Amino acid sequence: MNAYEVNFDGLVGPTHNYSGLSFGNVASTSNVSAESNPKLAAKQGLQKMKALHDLGFKQGVLAPQERPDVASLRRLGFGGSDAEVIARAAKEAPTILAAATSASCMWTANAATVSPSADTADGRAHFTPANLNNKFHRSIEHPTTRRVLQAMFADESRFAVHEALPAQMHFGDEGAANHTRFCAGYGQPGVEFFVFGAAAFDSRYPKPAKFPARQTLEASQAVARLHGLSEAGVVYAQQDPDTIDAGVFHNDVISVGNGEVLFHHQQAFLNQAEVLDELSRKLAARGGRFTAIEVPRAEVTVEEAVKSYLFNSQLLTKPDGKMLIVVPEECRNHPRVWSYLQKLVASGGPIDETKVFDLKQSMQNGGGPACLRLRVALNEAELAAVNQQVLMSGALFESLNGWVDRHYRDRLAPADLADPQLLIECRTALDELTRILGLGSVYPFQLA
């Protein structure tokens, strides 16, 4: 049976704004208080989805969340009507209001960790929504994420959608941003690569000094257990703490993998040689031939990688077996990074083509092409069991563009977050979106 990698990109939500909420994410904090353009952000994301669909890649859509999250504000003591809750939060705790209004779910790589059926003990594809416990504005996402995933992958004989891990620092889980899968073919058993920033209970592991380590070893191990993965099909690796302190808040800012290929920086992992050797041995045992493409710091520094988001790219396998690397415009604008990419595609290696997208609205908030998508490997029967209304097509692209035009603002400043009309606009948009995508009632305002 044929199998495919399907990229489910997050739709940018109507409240896309720059509040600088993500400590450790250099782009996010450096653009705090800038004026955003939600309409342009959503359309930039949709254009990437449609372009990759038109190239023959399987592409889907993941819906955004209801924002501002009035229920979270109520739990923090802001009372009254919805409008009064927002007004009081704006006056007494504007930073908390900004957190409750964040459109950060656009970075779908953090939505969940996914293990395909070829790897799991029960032969189902498994999804564990990330608890995103390190940041308040992201920690409130996972209940809705789970409902949306259940609406997309509803066949319980083929899909298992778990609850998030306990919302506690020892089990901080950031989803697929710290997870990669290697395989000889998408339908064949693979090796799942879990990257963590620190261990919660084992003091032998070092920790970064400046920025937080968002993913714990214990969280990665728990997800592997939940998904029924075998020891032979799992590799754990720790990020270099100094690299985290340079702004590499997730592994997908310093490496990206696909098929049998890992594209990574020289300073990505602790004990890097041993990590690469374990990946090679375990993939070989599953019929694959591991290839590591290491970018030396002499050609691209960690700081340049963070600024350009070179590694926050997508690696996509083309029909001829070679790979396309999808990068943001910032890579082309950085001379040393662009020079490296030109050399890479001309090297005769597995990556032989570059495609550039303008994702400035996302990039200014700290997320590039890889942040915007959740990868799900599916065989033909599983793909047929997915909610077909979330799969990209020409008709869906036109429908979603029209939806954005009807409901999104083209300007959002920090002061606008206090506007109670923004909540009404968001709910109106999402109510229509659930009908377009066939999701049913997944949002709190629909379930009340």
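Predicted model: local features only at pLDDT ≥ 70, side-chain atom pairs only at ≥ 80, totals over all residues.
Is alanine 164 buried or exposed?

**Entry 1: alanine 164**

I looked up its accessible area and got a relative value of 19%. The cut-off for buried is under 20%, so alanine 164 counts as buried. Then I checked where alanine 164 sits: it is in the loop between strand S5 (159-161) and strand S6 (179-182). Next I asked what touches alanine 164, skipping neighbours within four places in sequence. I got Pro129, Ala130, Asn131 and His142. I also picked glutamine 272, which is 108 residues along the chain from alanine 164, and the two C-alpha atoms are 30 Å apart.

**Entry 2: the whole chain**

Time to zoom out. I found 18 helices and 15 strands in the protein chain. The C-alpha atoms fill a box of roughly 60 × 45 × 45 Å along the principal axes. I wanted to know how the radius of gyration fits the chain length. A compact globule of 448 residues would have a value near 22 Å, and this chain has 21 Å, so the two agree. Buried residues make up 60% of the 448. I looked at contacts with a separation of 6 or more, too, and 76% of them join residues 24 or more positions apart.

**Entry 3: the largest pocket**

Now for empty space. Rolling a probe the size of a water molecule over the atoms shows where such space is left. The largest pocket holds about 460 Å³. I noted 25 residues in its lining, and Phe57, Tyr186, Leu316, Thr317 and Lys318 lie nearest the centre. Which strand gives the most to this lining? S1 does, with four residues. Strand S1 (3-10) and strand S12 (314-317) each supply at least two. Sorting the lining by type, I got 13 nonpolar residues, seven polar and five charged.

**Entry 4: threonine 317**

I followed up one of the residues nearest the pocket centre, Thr317. Threonine 317 belongs to strand S12. Its relative accessible area is 29%, so I put threonine 317 down as partly exposed. Leaving out neighbours within four places in sequence, I listed its contacts as Phe57, Tyr186, Asn258, Lys322 and Met323. Which side chains make polar contacts with the side chain of threonine 317? Tyrosine 186 makes one at 3.4 Å, and asparagine 258 makes one at 2.8 Å.

Notes: Residues numbered from 1 in each chain as written. Heavy atoms only, no water. 1 Å grid on protein atoms, 1.4 Å probe; cavity = no way out; pocket = protein on both sides within 12 Å on 5 of 7 lines; lining within 4 Å. Points joined across faces, edges and corners; volume = space filled by probe spheres on them. Nonpolar A, V, L, I, M, F, W, Y, C, P; charged D, E, K, R; others polar. Buried < 20%, exposed > 50% of the residue type's maximum accessible area, 1.4 Å probe, protein only. Contact = heavy atoms within 4.5 Å. Polar contact = N/O pair within 3.5 Å; in protein donor to acceptor, adjacent residues only side chain to side chain. Rg over C-alpha atoms; globule rule 2.2 N^0.38 Å.
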